[in-house]
Amino acid sequence: LKRTEIRKDKARPAKIYSGWEVLCLVSEGNPRWFTGIAKHLLLRRERSPSRKELSVESQYDALVSASRKFMDYVATIPRPVCSGLSTTEGGLKSLVDILVKLFRSEVLDNDFSLEPVLSFRVDASVPDDIRQAIFDGLYSGAFIPVGDVDRQFAFSHDLTDQNLRTTYLLAPLEFLPLRTGKSRNLSTLLKHFNSGNTRQMIRRNSKTHGIQ
């Protein structure tokens, strides 16, 4: 199949983002997230004709709904516009949007790779205002530490050289793999996004894929 034909297969995302293992990964071990999604799934099963069915499409729709609600929550976290982000929205919302679009482009637009870039390293070139947005993301659950690290480091120590990824809760919304992938310096990712061609390509593909 051609790449465009694969992307038009609407059943494919539902098959990927359904099942018990996906629910556990997407909820990130957060009891509130797990309970909220599970209740939504149970309601959908109760509304089925047999009151026992739960299709993969219903599971996928429930996860996408949870992703959108989380992004709505992220948008409410107040923070001035970050100097290193070419957008007019608040710090954390802008940073999350940019990263998931870059990761999605890495997976869907580039040549196939067994290890696409799906995480980032906070290098020394990352400015303080973006670091503050990262702290906001760690507190809210938008960013997850990668590797065998003390999960409490982020709230009391410098972020430099720490590897992070966006939460798997956003994966169904953006068609991202439920894996960590390769890591790249955050300053490099932002520089790549801020190039005019990259922004235009991501916006064009967002419309093509029907993703807001």
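The largest cavity of this predicted model is lined by Phe-103, Leu-118, Arg-165, Thr-166, Thr-167, Tyr-168, Ala-171, Leu-176, Pro-177 and Arg-179. A cavity here is a set of points, on a 1 Å grid over the protein atoms alone, where a 1.4 Å probe fits but cannot get out, and lining residues have an atom within 4 Å of a point. The second largest cavity is lined by Ser-18, Gly-19, Val-22, Leu-23, Ile-37, Leu-41, Gln-59 and Leu-63, and the elements that give two or more residues to this lining are α3 (20-26), α4 (31-46) and α5. With a threshold of 30 Å³ or more, the count comes to 2 cavities.

| Cavity | Volume | Lining by class |
|---|---|---|
| Largest | about 80 Å³ | 6 nonpolar, 2 polar, 2 charged residues |

A volume is the space filled by probe spheres set on the grid points, which are joined across faces, edges and corners. As for the classes, Ala, Val, Leu, Ile, Met, Phe, Trp, Tyr, Cys and Pro count as nonpolar, Asp, Glu, Lys and Arg as charged, and the others, Gly among them, as polar.

Residues are numbered from 1 along each chain as its sequence is written. Local features need pLDDT of at least 70 and side-chain atom pairs count only at pLDDT 80 or more, whereas totals for chains, interfaces and linings use all residues, and side-chain values use heavy atoms, with hydrogens and water left out.

Helices (H or I, at least four residues) and strands (E, at least two) are DSSP runs, numbered from the N terminus. Four strands form an open sheet with mixed pairing in the order β2-β3-β1-β4, where two strands pair if DSSP finds at least two bridges between them. Its edge strands, β2 (143-145) and β4 (182-185), each pair on one side only. Strand β1 (residues 117-121) pairs with β4 in the parallel sense over 4 bridges, and Arg-121 stands opposite Asn-185 in β4.

Helix α6 (residues 91-108) lies across β1, β2 and β3 (163-166), while helix α9 (residues 186-194) lies across β1 and β4. Helix α5 (residues 56-75) packs against α6 at an angle of about 140 degrees, with their axes 8 Å apart; axes are lines fitted to C-alpha atoms, for helices over the stretch in contact, and angles run from 0 to 180 degrees between N-to-C directions. In this pairing, Met-71, Val-74 and Ala-75 of α5 meet Leu-92, Lys-93, Val-96 and Asp-97 of α6, contact meaning heavy atoms within 4.5 Å. By class, this contact has 5 nonpolar, no polar and 2 charged residues.

Note on methods. 1 Å grid on protein atoms, 1.4 Å probe; cavity = no way out; pocket = protein on both sides within 12 Å on 5 of 7 lines; lining within 4 Å.
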